[in-house]
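Have the model open in your viewer and follow the stops below. Each one tells you what to select and what you will find.

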Protein chains: 2
Amino acid sequence: MKRIESAKNPRVKQWKKLYTKKGREQANAFIIEGPHLVEEAIKNNVSIIEVIVEEEYQVPSAWTIEAAEWYYVPRKVMEGISDTETPQGIAAVCEMINDSEVEVQKGKYLLIDGVQDPGNVGTMIRTADSAGLDGVILGKGTADLYNSKVLRSTQGSVFHLPILKGDLTSYIERFKEINVPVIGTALEGGESFLNNQGLSEFALIVGNEGKGMDKALLEQCDQALYIPIYGKAESLNVAVAAGILLYGIQNQR
Amino acid sequence: MKRIESAKNPRVKQWKKLYTKKGREQANAFIIEGPHLVEEAIKNNVSIIEVIVEEEYQVPSAWTIEAAEWYYVPRKVMEGISDTETPQGIAAVCEMINDSEVEVQKGKYLLIDGVQDPGNVGTMIRTADSAGLDGVILGKGTADLYNSKVLRSTQGSVFHLPILKGDLTSYIERFKEINVPVIGTALEGGESFLNNQGLSEFALIVGNEGKGMDKALLEQCDQALYIPIYGKAESLNVAVAAGILLYGIQNQR
């Protein structure tokens with residue numbers, strides 16, 4: 001157990017670097033904040049390297065965190081390293097999760113193409129978890145999984161199912177090889193999702209908030225679905241659309 | 001047409017006050033930012049009092065804004081009054097919309113109880129518009145409609161359907177009088193929404209992000225629905241849940 005008093009301590013500077021993608025890649029680590037995410041990391045056997053605790057914070061006695069180094073810091077240091085306005089007393093540095101060995105199988109997947117808003121990406125991972133999916137695949141131009149707002153918005157779902165990254169074109173080919181229907185989304189064209197329900201396997205692709213999904217990817221799809229708009233809105237928020245589709249098209253258990 | 005050079009101009013100070021609820025109520029006005037929202041306000045006959053334009057900004061010639069005062073400002077003044085990091089060249093001060101005379105009728109409504117996050121509230125208004133609802137009712141503890149993040153998240157839907165405010169208890173009584181089914185939402189108990197589809201009228205209530213909807217309101221409901229969670233997530237984001245339910249329970253057209 002170590003105590004750090006100064007925000008200028010080199011360790012504090014290293015923690016701050018974990019809020020940038022480059023810093024995370026260099027350290028092969030990411031930082032999570034708040035008791036809920038830390039508890040989810042423990043429950044899901046994420047490798048925790050360091051735990052950072054505010055002096056006044058009471059760590060739940062049920063938590064067993066092995067092999068981690070513990071640091072006690074005053075509130076002002078915690079505020080300095082936190083990404084939120086009101087830090088919740090605890091943060092943890094975790095080893096990057098390596099899902100690159102995970103092979104996609106027959107099942108239900110969400111593919112995210114170029115969604116930039118971290119809140120939308122995290123919320124979609126949470127929704128994919130809720131809907132019982134087998135995995136999420138983050139394509140080019142999508143917010144980084146370990147961005148602190150993505151992690152926060154997943155509410156822990158980041159630790160519940162495989163999250164892959166990579167070129168969606170190759171993933172689509174792989175899904176086609178194993179006969180999983182690849183379903184694109186479009187504002188116009190295609191079919192209403194209301195006529196496409198009860199699927200037990202699919203790879204659903206959602207796209208960028210403004211432009212929708214990449215046209216070349218859309219052409220690779222077996223079919224495209226849209227959500228009917230009954231009012232005057234031009235479109236739905238992408239995370240809401242993903243939720244409607246994931247619950248709408250899959251077989252009901 | 002007037003030109004304002006200094007961020008210390010009293011008019012600039014008044015605009016900034018419109019970012020607080022108190023300031024909006026005192027002025028009976030609210031401020032919107034960016035060409036998309038301004039265009040939606042024009043299309044939907046919102047009363048625009050003042051238009052604030054950055055010097056370099058080209059106002060689309062198709063826009064006719066009657067009766068408004070025009071102000072030209074340098075970029076630094078626009079940045080000072082804007083709520084976003086990269087202002088989009090135009091903002092407008094609008095008169096508050098008065099929907100208090102609107103009476104609820106037989107139809108489809110979304111009632112929002114205690115949802116604090118402005119992004120969630122705005123996104124739900126956008127979804128309610130997309131799903132063809134007849135109105136949205138904001139209850140106690142819900143983010144203010146004219147909060148700039150709520151407005152931005154509605155993407156203009158704020159101008160497309162009546163948005164009412166008030167005590168949800170009284171609204172529920174009114175819906176019961178006119179035989180519109182009042183449907184609460186709960187994480188546990190109640191019935192799966194998958195068994196409750198095809199409704200042509202309803203008043204659906206969603207609740208606070210953490211605590212769910214108020215227990216007393218839930219007891220007033222004709223029934224409670226839940227969305228099944230197939231994975232390890234504890235719950236869905238409230239705006240995603242509202243989208244799944246609004247598209248899931250209504251009759252398909």
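Start with a term: a residue counts as partly exposed when its relative accessible area lies between the buried limit, under 20%, and the exposed limit, over 50%. Keep in mind that this is a predicted model.

**Stop one: chain B.** Select B:Glu55. Its relative accessibility is 35%, so B:Glu55 is partly exposed.

Move to chain A and select A:Asp144 with A:Arg24. They form a salt bridge, and the closest N and O atoms are 2.8 Å apart. Look at where each one lies: A:Arg24 in helix α2 (residues 21-27), A:Asp144 in the loop between β7 (135-138) and α6 (148-154). The two are 120 residues apart. Are they buried or exposed? Both A:Asp144 and A:Arg24 are buried. Salt bridges with shared partners join A:Lys165, A:Arg24 and A:Asp144 into one network.

**Stop three: one helix.** Select A:Arg75 and A:Glu79. Both lie in helix α4 (residues 75-81) of chain A, four residues apart, about one turn of the helix. A:Arg75 is partly exposed at 37% relative accessible area. A:Glu79 is partly exposed too, at 41%.

**Last stop: the whole model.** Show every chain. The count over all chains comes to 24 salt bridges.

Key:
Residues are numbered from 1 along each chain as its sequence is written. Chains are lettered from A and ligands numbered from 1 in the order in which they are written. This is a predicted model: local features need pLDDT of at least 70, side-chain atom pairs count only at pLDDT 80 or more; totals for chains, interfaces and linings use all residues. Side-chain values use heavy atoms; hydrogens and water are left out. A salt bridge is a side-chain nitrogen of Lys or Arg within 4 Å of a carboxyl oxygen of Asp or Glu. Buried means under 20% relative accessible area, exposed over 50%, partly exposed in between (1.4 Å probe, protein chains only).
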